[in-house]
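Student: I would like to learn how to read a structure like this one. Can we go through it feature by feature?

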Amino acid sequence: MKIGIAGVHYGHIGGMFSSAMSAPNGEIIGLYEPDDDLFHRYADDHGIDRYDSLDALVEACDVIIEGMRHEEKADLIELCGRHNTHAFLDKPLCRNEEELGRIQRALGESGIRLTMNFTSRYHPPFVALREAIQSGELGEIVSLITTHPHKLYGGAPDWYFDPNRYAGTFNDLACHGVDQILWLTGSAATAVHALGTLKRWTGEPRLEFDHIQASIQLSNGALATATADWLTPENSPSFGDTRFIVMGTAGSAHLRAYAEDGLLICSATNGRYLPELPKAGTDRFVEDMIDAFARDEEHAITTQDVL
């Protein structure tokens, strides 16, 4: 399957690009990136052709892998729809409900499929947590709490400080947590209430919010809380220190990820223990995606999951 790379300025594209390079069932036919330095950083060692026209690249390939700015994503998906090209997207999906509506219309009119780089689904503690939930170890899920602290690494691109371009702290960071909540419960959100504040990044340039927390009601009757912030100190050894707490009718789970990986489970069946974390990763993401799209099926992270 022919793969096109649309933009490589956003950090997560590195892992997506590596997965595409290692996919035996895919071929990267070209890269669209207006920034010369970024283009050469990715293309030169691999002999990848440069496309000066995004339209031409989308038309020429079967699937697009994108690492574009937030305000460019809806336009790209509409372009993919016009050329019947599937898309592997980095998060977040879009900035607002108007763009979401445009994306939904493009999908409805074209039938293309989307998948997204929700890497946490493949991170060992989350894989182990899902196995525990699916086995009934925690009973019926009652409550979930997920935190997503992050640091700005001494600053951020200028467009992060423009609310007309940046998708926002919650969409950018907590999208992983919201995906995990829905993925772990097999449920849907029926109501959301969120509040934001700005306490640290108050100088110029100025973020709109540096901390947001949301309360989420789920269709299965469970409740969830998700937080996202840009408050992690710059001297932290990792970008953040994610925590995830799940309370069920038969047990609880306390997860830590990225700064350190671990999972503590306390259940009515097996007491308090630390389960062994499985080996997991996203190396085969693109290979698996291509296999699914070739069968005219959804990837494990489905179009509906992305929406």
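Tutor: Let us begin with charge. This is a predicted model. The protein chain has 24 positive and 46 negative charges, and their mean positions are 4 Å apart.

Student: How many salt bridges are there in the protein chain?

Tutor: The rule asks for a side-chain nitrogen of Lys or Arg within 4 Å of a carboxyl oxygen of Asp or Glu. The count comes to 17 salt bridges. One of them joins Arg113 and Glu298, at 3.2 Å from N to O. That pair links distant parts of the chain, 185 residues apart. Arg113 sits in the loop between helix 5 and strand 5, and Glu298 in the loop between helix 8 and helix 9.

Student: Which residue meets Arg121 in a salt bridge?

Tutor: Asp305 does, at 3.2 Å from N to O. Arg121 lies in the loop between strand 5 and helix 6, and Asp305 in helix 9, so the pair ties together parts 184 residues apart in sequence. Arg121 is buried at 8% relative accessibility. Asp305 is partly exposed at 32%.

Student: Which residues form a network of salt bridges?

Tutor: Asp241, Arg243, Arg256 and Glu260 are linked that way. Separately, Asp288 and Arg284 form a salt bridge at 3.4 Å. Asp288 counts as partly exposed, because its relative accessibility is 33%.

Student: Now a single residue. Where does His148 lie, and what does it touch?

Tutor: Take the element, then the cover, then the neighbours. His148 lies in strand 6, residues 141-149. At 6% relative accessibility, His148 is buried. Leaving out residues up to four places away in sequence, His148 touches Leu173, Ala174, His176, Gly177, Gln180, Thr227, Ala228, Asp229 and Thr242.

Student: And the whole chain: what does the radius of gyration say?

Tutor: Compare it with the rule for a compact globule. For 307 residues that rule gives a value near 19 Å; the protein chain has 20 Å, which agrees. The C-alpha trace spans about 60 × 50 × 35 Å along its principal axes. The chain holds 9 helices and 13 strands.

Student: What share of the residues is buried, and how far apart in sequence are the contacts?

Tutor: Buried residues make up 49% of the 307. Among contacts between residues at least 6 apart in sequence, 68% join residues at least 24 apart. As for the surface, the protein chain exposes about 14200 Å², and carbon and sulfur atoms supply 48% of it.

Definitions and conventions. Residues are numbered from 1 along each chain as its sequence is written. This is a predicted model: local features need pLDDT of at least 70, side-chain atom pairs count only at pLDDT 80 or more; totals for chains, interfaces and linings use all residues. Side-chain values use heavy atoms; hydrogens and water are left out. Helices (H or I, at least four residues) and strands (E, at least two) are DSSP runs, numbered from the N terminus. The radius of gyration is taken over C-alpha atoms; the globule rule is 2.2 Å times the number of residues to the power 0.38. Buried means under 20% relative accessible area, exposed over 50%, partly exposed in between (1.4 Å probe, protein chains only). Contact means heavy atoms within 4.5 Å. Accessible areas come from the Shrake-Rupley method with a 1.4 Å probe; for residues, only the protein chains shown count as cover. Lys and Arg count as positive and Asp and Glu as negative; His and the chain ends are not counted. The place of a charge is taken as NZ of Lys, CZ of Arg, CG of Asp or CD of Glu.
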